[in-house]
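Welcome, and take a moment to turn the model around on your screen. Here is a short tour of some of its local features.

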Amino acid sequence: MKPNYYKIVEGISSLLLEVNQRKDIEDEEDGLFIVKKANEALSHAKTITNPRSLWKTFWYEGEIACLFSDSNLGKSIYAVQIANEIAKTDKILYFDFELSEKQFQLRYTSDTTNELHSFPSFLYRVEINCDKLDPYSFEEIVIDEIKKLAIKLDVKIIIIDNLTYLCSAMEKAEAAGTLMQRLISLKKLYGFSFMILAHTPKRQLWAQITQNDLQGSKRLYNLFDSVFAIGQSAKDEDLRYIKELKVRWGRKTYGENNVIVAKIEKIGSFLQFTEKGNAHEFEHLKQSAEETREEIAKTIEDLRKKGVSYRSIGEQLSMPKSTVESIDKRTRRKKARK
């Protein structure tokens, strides 16, 4: 049987076309964008191991997570507890920009026996070397120094306490975005997993924790892979609750219907959050109707004096703009009658 030259030529042409298409894609990968067909992207991603949990459903490998709370609610205590657990199997860097070495030691010393807590050997605590500190270029070099140290020690998991030391202008959307893009680049280039601690302005005990409580901007919230927060219980001043606000991987487990209730206790020499169960967030909010109304009215009045718009106040308090405006006008009418 004679060979079908037309089919041979057609097959060669098809092969050359496929080679050229592949070359075009490879050329694209040398530039800014990496181009793949959607099915190729799925097939490639399937060969990559699913990210493992670093801490419950709050933080997964390869993520930039954020833990925030009001001051003095124990977020640093909780973060060290997380680091202590992770360090049982993995190297971890804890950048402590809050406590001095002595303050850290006292926190993890037994009150009765004076015994020091023994942390896993994989946990590295890092603080600023003040002799090398350049206040005029600190923000520009700190992330680069974090990268260099992590590479030197072969560490992939990093906790930074706290966000203010990475960027002093976190209330500005542009500064927040620039910082997060740097962290995202490090995450993708080196496979780092970050957990960043952040503050929130003073919160009212009648209000639920929302994304608007995160100091900085909504843009900052959007760039984090996962976000969780610690709240003060109105039921008992010694109780805290931990709420999950955002997840990219896995399932949200500890939302408002199932927050973790915990108490800060020192067991032996280790200061930690001891879990007491789960509850609806509403159970730990201030529920006296009259008292709550007065606090809301006072909060709105104070924010209006600072020039905050009704819309922004509504976002902070999780209330419609029209409701905020109505409460403010009613408050002013009452004061005018007195």
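Predicted model: local features only at pLDDT ≥ 70, side-chain atom pairs only at ≥ 80, totals over all residues.

Residues are numbered from 1 along each chain as its sequence is written, and side-chain values use heavy atoms, with hydrogens and water left out.

Let's begin with the largest pocket, which holds about 690 Å³ of space. A pocket here is an open set of points on a 1 Å grid over the protein atoms alone, where a 1.4 Å probe fits, with protein on both sides within 12 Å along at least five of seven lines; lining residues have an atom within 4 Å of a point. The volume is the space filled by probe spheres set on the points, which are joined across faces, edges and corners. Of the 17 lining residues, Ile 48, Pro 51, Glu 61, Gly 62 and Lys 187 lie nearest the centre. Two or more lining residues come from each of α2 (38–46) and α6 (173–190), and α2 gives the most, with 3 residues. Helices are DSSP runs of H or I with at least four residues, and strands are runs of E with at least two, numbered from the N terminus.

Next, look at α9 (residues 310–317) and α10 (residues 321–337), whose axes come within 8 Å and cross at roughly 110°. These two helices are therefore roughly perpendicular to each other, a label for angles of 65 to 115 degrees. Axes are lines fitted to C-alpha atoms over the stretch in contact, and angles run from 0 to 180 degrees between N-to-C directions.

The whole structure has 21 salt bridges, each a side-chain nitrogen of Lys or Arg within 4 Å of a carboxyl oxygen of Asp or Glu. One of them joins Asp 111 and Lys 266 (3.3 Å, N to O), which are 155 residues apart.

| Site | Backbone value |
|---|---|
| Asp 161 to Asn 162 | cis peptide bond, omega near 20° |
| Asn 114 | positive phi of about 65°, not a glycine |

Asn 162 sits in the loop between β6 (157–161) and α6, and Asn 114 in the loop between α4 and β5.

Note on methods
Parallel < 35°, antiparallel > 145°, perpendicular 65-115°, else oblique.
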